Amino acid sequence: MGKAELLTWAALFQLMDKCSDGSPAQLYGTYNIKENTTILVQIVKPRPDPNDKSEAILECNECGCQKCLLKSGDPLICDQCDNYWHLECANLTSIPTEKYWYCPNCINTDVEVVIGSGKSVDMSKTKLGERLGAKAKNWGGGVSCSGRQAECVIVPSTHVGPIPGIYCGQTWLYRISASEWGVHRSPVGGISGTTKNGAVSIVLSGGYEDDKDSGEEFIYTGSGGRDLEGNKRNGKHSGHQELTRFNLALAATCATKINDKVGGEAADWKKSRPVRVCRTSKLAKHNPRYAPEEGVRYDGLYKVVKYWPDKGASGFKVWRFLLRRDDSEPAPWTKEGKELAMKRGLRMIMQNQSETKQLVRYKIPKKVRMLMDADKANKRVWDEVRSLDFWSEYEFLHYLFSTAVVCSSGACHIPIKVNGKGKTI
C-alpha cells in the first residue's frame, strides 16, 4: 500500500492528539450542518483560560477557526473544505438550518444562476407537467446529481495527489460515486478545490469543441461565463471568464506567479502541484479517443504547464490551461494500463452496490496482518475485519477508517506522532 499505509499502522495503535504546531489538539462538541445534528467528541484537554499566558498555543490553522485561528467555542464545519468557522467569523448570527453549509471561502458567489435563488424547476406549464399534474420538480432529482450517500474518510477534501487505494483505470457509472470515493469531490463542477488551498482535481466532460486532448497532455478551458438559466448543465457562453474562484484555484497549482492579465508558464512544469484528472464518456463528443466508453474514469496525475486568456469560439474571453501527465502508473488507455487494471480487478462502481461486480478479492498484505496480530488489545476488531470480503484496496481502507478505526478528532488527517519515537508521519 506504500507510504500512505493507513497513515502507518503502528501510529493507529498509539495515537496522540497533536496539532501540526505541536500543541495538544483542542477537541469539542461541534455542529455537523450536513445532518443538522451535534457530533459529540472527547475533550482530551480542558479549554484554556484566555487570561492564562502559561497555557499551550491557543491558535492553530489546522483545528482552529479559519479566520481568527482560535481553538475555542463551538465552531461550524464547512461541507466543502471541512474546516472550522466560528459563527461570528462567518458573519452569521445563528446556526444555519440548511442541509449543507459552505464557508466564506467555498460558497458560490458566481453571478451565473442555475435555477434562481434556490428555487425549484417549475414543470406545471410543460406538457408533461400538465399531463401528470406536476407542480414542481426539485433540482437534483436524478442519480447524477443526487446527494452523496457516503464520503471519503481516508484523506481530507484538500488532499493533494492520489487517493490511497484508487488506481488509474478505476471507473464509476456516475460522478456522484466518484465524489463519494473522494477522487473528485465536486458532484457537478469541473474543478474541485478552493482559492485558499488550490485545485486538487478536475473532470474532463463535454468540454469545448476547440479543446485539445492527446491523452498525455490536454488543453482545459476554465469555468464561468455560461448561461445556466433553466435546467441546463452546459449553457452557451454569455460573458467573459475571469481568473477567480475555481479558475484561480487551478492556476495556483502552476509553478509560476499568478497573473490575471496574461497568465503564466512554469519554468519547470514538473514543479507544479499535481492535480487528479478524470475523464467522462461525454468527452467522446469532441475527443473520443481518450474518453471511457461509459461513466467516469480516473486517469492519474497531471500538472499545469501554463495558463493564459484566450478568445473562445463564442467570442468571449476564456481561460485555457495546458496540463501534462506526470504519473508513474501507465495510462488506462494503453495496453499496459488495461492489463494492470484487469489484474487488480478494477471494475465499474455502480450507484447500487449490489449491482457492482466482484472480480478480484482484495488480500490484506502480510505485514498488515502481522500488525493486526500484534495488537492483542483489539483482537476482536481485527478478527472481524479479517472475516469480511473486500473487493478493492480502497473499500478495505474506507471500512477501516469509517468503522473499525474511528478517530474522533480527525487527527488521522494531519501529522501525528508515535509515542516514544519522536517521529512525525
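Reader: What should I know before I read any values?

Author: This is a predicted model, in which local features need pLDDT of at least 70 and side-chain atom pairs count only at pLDDT 80 or more, while totals for chains, interfaces and linings use all residues. Residues are numbered from 1 along each chain as its sequence is written, and side-chain values use heavy atoms, with hydrogens and water left out.

Reader: How many helices and strands does the protein have?

Author: Helices (H or I, at least four residues) and strands (E, at least two) are DSSP runs, numbered from the N terminus. Here there are eight helices and 15 strands.

Reader: Which strands pair with β13?

Author: Two strands pair if DSSP finds at least two bridges between them. Strand β13 covers residues 296-311 and runs antiparallel to β7 (residues 171-172), with two bridges. Strand β11 (residues 264-265) also pairs with β13 in the antiparallel sense over two bridges. Six bridges join β13 to antiparallel β12 (residues 275-280), and nine join β13 to antiparallel β14 (residues 317-325). Y307 of β13 has G264 as a bridge partner and F321 of β14 as another. In the hairpin of β13 and β14, five residues lie between the strands, and G315 takes a positive phi near 95°.

Reader: What share of the residues is buried?

Author: Buried means under 20% relative accessible area, exposed over 50%, and partly exposed in between (1.4 Å probe, protein chains only). Of the 425 residues, 44% are buried.

Reader: Which residues have the most contacts inside the largest nonpolar core?

Author: In soluble globular proteins, nonpolar side chains tend to be buried together. A nonpolar core is a set of buried Ala, Val, Leu, Ile, Met, Phe, Trp, Tyr and Cys residues joined through side-chain atoms within 4.5 Å. The largest one has 30 residues, and those with the most contacts inside it are I166, W172, Y298, V385 and F396. The elements giving two or more residues to this core are β13, α6 (366-374), α7 (379-387) and α8 (393-404). Helix α8 gives the most, with six residues. Another core, of 28 residues, lies apart from it, with F218, A249, L250 and W269 among them.

Reader: Which residues does V385 touch?

Author: Contact means heavy atoms within 4.5 Å. Not counting residues up to four places away in sequence, V385 touches M372, F390, F396, Y399, L400 and A404.

Reader: How many salt bridges are there?

Author: A salt bridge is a side-chain nitrogen of Lys or Arg within 4 Å of a carboxyl oxygen of Asp or Glu. The count comes to 15. D211 and R320 form one, with their closest N and O atoms 3.5 Å apart. D211 is in the loop between β9 (198-204) and β10 (217-221) and R320 is in strand β14, 109 residues apart. Both D211 and R320 are buried.

Reader: Are E151 and R185, which meet in a salt bridge, buried or partly exposed?

Author: Their N to O distance is 3.7 Å. E151 counts as partly exposed because its relative accessibility is 25%, whereas R185 is buried because its relative accessible area is 6%.

Reader: Which residues make a nonpolar surface patch?

Author: Patches are made of residues with over 30% relative accessible area and no salt bridge, like charges being joined within 9 Å and nonpolar side chains (Val, Leu, Ile, Met, Phe, Trp, Tyr) within 5 Å. Y100, Y102 and I107 make one of about 250 Å². Y100 lies in the loop between β4 (84-85) and β5 (121-122).

How values were computed:
Areas by Shrake-Rupley, 256 points an atom, 1.4 Å probe, with all protein chains shown as cover.
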